[in-house]
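Reader: Before we discuss pockets and ligand contacts, could you please show me the model?

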Amino acid sequence: MILIDGKKAAAELRDKLKHEVTGLKAKYNKVPGLTVILIGDLTPSQIYVRNKEKSANEVGLKSEVIKYPDSVEEKTVLEKIEELNKDETVSGILVQLPLPKHIDKQKVIETILPSKDVDGFHPINVGNLSSGYESSVPCTPLGCYLLIKKVEPNLNGKKAVIVGRSNLNGKPMSQLLLKENCTVTVTHSKTKDLKAECLEADIIVAAVGIPELVKGDWVKKDTIVIDVGINKTDKGIVGDVDFDEVSKNAKALTPVPGGVGPMTIACLLKNTIECFKRSQI
Ligand code: NAD
């Protein structure tokens, strides 16, 4: 079985991006800039944002984190986004989710200019992705896609089963694989026989949030299995796939941690650079 090393793939991607930033700096005499807005003091969000900032600096991006307390007014955040939209040194804007209840997430997402939406959540980017046009693609599914392509460059005609239909993961993942000519099935909590669906798959992407949902006997030989899940359990962090069981059957599998997670951050940097390049045309 191929253990898909997300840490290594992310390091390789960061290296490539670092070279690209050096080239962009030489060409334009400026570097792409990423601004992250962090609201509140949720520990996981703080850790994610710190990692994003560290990685951005590592590849040579200009990075900035704007912090607000939990009590910040929605208006203040929207005005800051408007200001960043106009700032030419800012190529990408990311508002770390989740947000406090009094702030309307969709309003925040839609205030970010689509051309600076490095998370790919703006409805214009969602529409562009599903229409097959150029767009920012949500970072986690983009990372999954790049890992799958490393194992199997030609996905023509493969049967892909996506477990979970979230806007963040399942839906954009299905669009990326459709674009690669896969036959895609998107399953969810109301799917009648998930095991039977998975047994048909050449590729499984599990993004559910249920520890070890995908079992060994749900996976046929030669299946590529990508585990997006991050679940805290008594035995530590586990994915949505039963790693010990599935690794006996699958052709390739991502570990948790060390699989999809590191690629998510590297893809945020990639998206920032793409936004910068599009803004220079
Ligand atoms: P979500 O809660 O928004 O969506 C979960 C989806 O799973 C829903 O579409 C739901 O219909 C489906 N589902 C629920 N129960 C099911 C069942 N029994 N069978 C089939 N489908 C079922 O979750 P999300 O935001 O997509 O996140 C999913 C997981 O991925 C979580 O563990 C989250 O922590 C993790 N995650 C990881 C990364 C990363 O970088 N690795 C990034 C984002 C999310």
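**Pocket and ligand shell**

Author: The second largest pocket has a volume of about 360 Å³, the space filled by probe spheres set on grid points joined across faces, edges and corners. A pocket is, on a 1 Å grid over the protein atoms alone, an open set of points where a 1.4 Å probe fits, with protein on both sides within 12 Å along at least five of seven lines, and lining residues have an atom within 4 Å of a point. This is a predicted model, in which local features need pLDDT of at least 70, side-chain atom pairs count only at pLDDT 80 or more, and totals for chains, interfaces and linings use all residues. Residues are numbered from 1 along each chain as its sequence is written, and side-chain values use heavy atoms, without hydrogens and water.

Reader: Which helix gives the largest share of the lining of the second largest pocket?

Author: Helices are DSSP runs (H or I, at least four residues), numbered from the N terminus. At least two lining residues come from each of α3 (74-86), α5 (123-131) and α10. The largest share, 4 residues, belongs to α10.

Reader: How far is the polar side-chain atom of T264 from an oxygen atom of the ligand?

Author: T264 is among the closest of the 21 residues that surround the ligand, where near means a heavy atom within 4 Å. A polar contact is a pair of N or O atoms within 3.5 Å. For N169, a polar side-chain atom lies 2.9 Å from a ligand oxygen atom, and for T264 the corresponding distance is 2.8 Å.

Notes:
Polar contact = N/O pair within 3.5 Å; in protein donor to acceptor, adjacent residues only side chain to side chain.
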